[in-house]
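Keep the structure in view while reading.

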Amino acid sequence: MVQFIQNFIGNDVVSTLIVSFIPLIELKGGIIFARGVGFGFWKSLGLSYLGSSLAFFPVFFLFIPLLKLLKKIKFLNNFALKIERYFTDKSEKAFEKRKGGNESGDRAEVFLKQLTVFIFVAIPLPMTGVYTGTAIAVFLGLKFKDSILPVISGNLVAGFIISLLAEFCIAVWDVKALDYILYGILAIAVIAFLITVISLISKKDKDGETPGKRL
């Protein structure tokens with residue numbers, strides 16, 4: 001896969017930025033790709049971090065308007081409502097884990113929401129990157145200035161974790177093994193995405209409730 005992307009785009013720096021910006025692949029795939037083409041630890045981390053962090057802006061500013069648009073299209077309305085309910089539930093459940101049922105002031109609540117987003121993005125698992133983390137920040141009601149720091153700092157922590165794992169793989173096996181890891185990351189991400197989409201499509205609204213209170 002590394003060779004294919006190299007040949008298709010023709011520039012390794014641009015390729016790394018593009019790969020790390022792609023949903024599902026994001027930072028994890030960007031770092032693996034960059035190390036696979038021969039970039040060093042810091043260059044791989046820096047380029048992948050930059051490419052994946054840029055996703056914050058379109059998601060933060062366009063996700064809600066896009067959902068509103070989809071809700072106006074008759075045959076997509078129900079699916080858009082389910083997406084909204086999915087992120088509403090996901091953000092509320094993640095926040096409750098941090099809050100622990102305790103009441104707190106406005107500023108303390110903002111901090112707990114920021115911590116929720118930071119931890120979610122910092123753990124490099126499938127569908128826990130900048131795209132989903134930013135969407136959670138939006139559905140938690142965080143403003144731009146309160147969202148960007150936890151997202152990009154969590155992304156940096158995830159970047160270091162993935163970079164160290166990539167170094168371990170190179171030391172134990174070979175740099176060529178990264179190509180298989182990149183395939184694995186893509187396969188796991190696609191499977192996780194498909195499972196989520198299928199569950200959304202098949203999920204029925206609870207007690208006839210209509211999601212979409214936020215929009």
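Phe87 and Phe139 are both buried. The model is a predicted one, and the values below are computed from it.

Phe87 has a relative accessibility of 12%, and it counts as buried because the cut-off is under 20%. Tyr86, at 21% relative accessible area, is partly exposed.

## Aromatic pairs

Across the whole structure, a search finds 14 aromatic pairs.

How are the rings of Phe87 and Phe139 arranged? Their centres are 6.0 Å apart and their planes lie at 20°, so this pair is stacked. Planes have to be under 30 degrees apart to count as stacked, and over 60 to count as edge-to-face. The Phe87–Phe139 pair links distant parts of the chain: Phe87 belongs to helix α6 and Phe139 to helix α8, 52 residues apart.

There is also an aromatic cluster made up of Phe56, Phe57, Phe60, Phe61 and Phe144.

## Nonpolar cores

The largest nonpolar core has 27 residues, and Phe63, Val117 and Phe139 touch the most other members. Elements giving two or more residues to this core are α5 (56–71), α6 (74–99), α7 (106–122) and α8 (130–139). Helix α8 supplies the largest share, seven residues.

Which residues does Val117 touch, leaving out those up to four places away in sequence? The list is Gly133, Ile136, Ala137, Leu140, Leu142, Pro150 and Val151.

## The whole protein

The protein has 10 helices and zero strands. Along the sequence, the pattern therefore reads α-α-α-α-α-α-α-α-α-α.

Of the 215 residues in the protein, 45% are buried. The exposed surface comes to about 11,600 Å², and carbon and sulfur atoms supply 69% of that area.

Contacts can also be sorted by how far apart the two residues are in sequence. Among contacts with a separation of 6 or more, 71% are between residues 24 or more positions apart. The stacked pair of Phe87 and Phe139 spans 52 residues.

Notes: Residues are numbered from 1 along each chain as its sequence is written. This is a predicted model: local features need pLDDT of at least 70, side-chain atom pairs count only at pLDDT 80 or more; totals for chains, interfaces and linings use all residues. Side-chain values use heavy atoms; hydrogens and water are left out. Helices (H or I, at least four residues) and strands (E, at least two) are DSSP runs, numbered from the N terminus. Buried means under 20% relative accessible area, exposed over 50%, partly exposed in between (1.4 Å probe, protein chains only). Contact means heavy atoms within 4.5 Å. Accessible areas come from the Shrake-Rupley method with a 1.4 Å probe; for residues, only the protein chains shown count as cover. A nonpolar core is a set of buried Ala, Val, Leu, Ile, Met, Phe, Trp, Tyr and Cys residues joined through side-chain atoms within 4.5 Å. Rings of Phe, Tyr and Trp (its six-membered ring) pair if their centres lie within 6.5 Å; planes under 30 degrees apart count as stacked, over 60 as edge-to-face and the rest as tilted.
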